[in-house]
Amino acid sequence: MIQKTSAQKKKIYFIFIAFLLALLPRMLFLPSTYPMSIAGDESFLFLPVAEWAGYDWSGLEGMYRYYGYGFVFLLTPLFRLIEDPVALYRIIVFLMILCQALVAPISYHIMKRFFGMEDDTKTLIISVASSYLVFARATYVYNEFPYDLVFWLSLWALLSLHENMGSQKTRLLLTLLLLVLLVYAMTLHSRATALFLALGVTVVFYLWTYRKCVISIPVAVAAGAAGLFLAEKGINYIVNIASAASSSSEVGNTSVSFSIAAIFGSTKSWTAWLYIVLGQVNTMVLFTGGIALFGAVMGCIFLWRALVRREKEFLEENKNYVLVFTYCLSATAITILGQSFSWLTGVTSAIFESGDIDALRAITYLRYYGVYFAPVIMLFMVWFAKKKECGKIVTPVCVTAGILQVFWFCCIIPVFGEGVGTSWEFNAFSLTEGWDDLIRVRTYLPAMAFLVVFLVISVYAIRKKKYHLLLLLFTAVFFYQYVYNCMYHERERGERIYDYCSQAFEVLSSADEYLPDELYVENTGTPGIGQSIACEYQFLFRDKTILPWAPGEGKDGVYLCVNPESGEYLLEEGYECARIAEESYIFTDEEELIDALEQNGLEFETEIPSKMP
């Protein structure tokens, strides 16, 4: 009893250390985090909350896209109680950080309880690495972060189900919990459809391999059907209050849909489809220094052995591996295939018809399936850390990596051009600052060189059984990429957008009592970043209604813009104009507001002020 208590205390201690190592480095970026990094997406995410908090953001209805509701409804009290937009945003970002940091203790517990990890130090290292193996950094507000946490909890619930298959009552309760988690994931992001499909694949495959059903089918069907019905009702409710659409089908992101027939349309479609699938696979390989291939090859070997059912002893000893590999690799494959079909038209157009090059980011897009693949990498590290035989997978890993790099270099890199959207997962290797530097071939090549070097080190560590060396290197790589992208991607984007709009916000806030309830804002993007200025102003002026267009003829009010020429006609209607910042202008005919702002240093004129030199 004393030994058990001591072991429990030790486990709690290491779990706490894992949590701190995942939490505290992320917290370092919080003081320099500003609203908002992805102004359009985040404002649409907040739009229902603003409605519940009593604000009128109806001016954004025409631009609205659905971004979930399962997490943001919890933010309503914060919207009501906190006036400072920066403080409010940072508190919400802290919740995002918390979601990512909690992955470390969850993965630690999973490895200890279900995979027999005895070495506390190795388990700690792998759990921290799992926490930083992410494809969106918690410096902004996105449903991605709670979604990732819910996925890891669903993995724990599935493994707990497997552990308690002999107890009917516990099995029923854990099946219900698992379905509740998956339904909740649907309220966060529509792509959770992949998790339901992956669970179905897992149940069937496990039934084939072990002749047992891992879940309670009646409970799963009843809870899943009821949950999905309620989740769909929730989507319709959100769409009704947040947009002018008559149904959810008219609003983007409310569902996942695609046409498989599109791939058979032409040779171009086949080529583009192949680029998306192999591009996403190879991006993960490059991003992880090849460890993703070790995990994928190992997972495929386990699943093949489970499929043929010849090695009874092996399968009995590794049930949990088979379960997790089936669930995670199914979700990964379903997501990649779904994206390859749904984004096929845009990618085909971008490659062959000079279409929008932003569509090419589908080729390097890891955010959707990355969370599903992270446990696969974790299991390889567990297998390796437990001193299991890994040498047999070295050759297929290296051969596959070589084939992928030849295709990547010869076929995919030439189509990227100078588009920044495809570069983010590679910038840390080439030290490219995405918002300033020109994106070119040299942006992608260092990642390939890193892959070669890291594969050599990995093979050496596997051959020589240098366990701690390889685990620490994995963790260091994931941590470095997290920090670099925080500095030069998501966090910097938010800081630049806020800097662009903050001066106007501060100046106008000083005369808030004279501001009308509605503010007209030019519907354009911030220079160099492209994020919506109207959406950024809506979050900053939370109690105002931002109208993303210029005032009509005969309309009084305030008009904020980047291009003063767009409001030049207002000068003929009695408006006056002042430059608030280098590229920010205000037009208004409100006399009291003009007087108040002139006392704060603005100079209003009846013509457009000359631009700053």
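Start with W152: setting aside neighbours within four places in sequence, this tryptophan is in contact with V103, I106, S107, I110, S130, V371, A374, P375 and M378. Keep in mind that this is a predicted model. W152 is also one of the residues that touch the most other members of the largest nonpolar core, along with F46, F79, Y327 and F380. That core counts 189 residues, and helix α16 (residues 367-385) gives the most to it, with 15. There's a second, separate core too, with 30 residues, F505, I533, L560 and A578 among them.

Let's stay with α16 for a moment. Its axis and that of helix α12 (residues 291-308) come within 8 Å and cross at roughly 85 degrees, so α12 runs roughly perpendicular to α16. Where the two meet, α12 brings I291, A292, F294, G295, A296, M298 and F302, while α16 brings F373, V376, I377, L379, F380, M381 and W383. This contact is made up of 13 nonpolar residues, one polar and no charged.

Now hop over to helix α7 (residues 144-163) and helix α8 (residues 168-188). Their axes come within 9 Å and cross at roughly 165 degrees, which means α7 is roughly antiparallel to α8. The crossing of α7 past α8 is left-handed. On the α7 side, the contact residues include P146, Y147, V150, L153 and W156; on the α8 side, R171, L174, T175, L177 and L178 are among them. Sorted by type, the contact of α7 with α8 has 16 nonpolar residues, three polar and one charged.

Definitions and conventions:
Residues numbered from 1 in each chain as written. Predicted model: local features only at pLDDT ≥ 70, side-chain atom pairs only at ≥ 80, totals over all residues. Heavy atoms only, no water. Axes fitted to C-alpha atoms, helices over the stretch in contact; angles between N-to-C directions. Helix = DSSP H or I, 4+ residues; strand = E, 2+ residues; numbered from the N terminus. Parallel < 35°, antiparallel > 145°, perpendicular 65-115°, else oblique. Left-handed = near helix turned anticlockwise from the far one by under 90°. Contact = heavy atoms within 4.5 Å. Nonpolar A, V, L, I, M, F, W, Y, C, P; charged D, E, K, R; others polar. Core = buried A, V, L, I, M, F, W, Y, C linked by side-chain atoms within 4.5 Å. Buried < 20%, exposed > 50% of the residue type's maximum accessible area, 1.4 Å probe, protein only.
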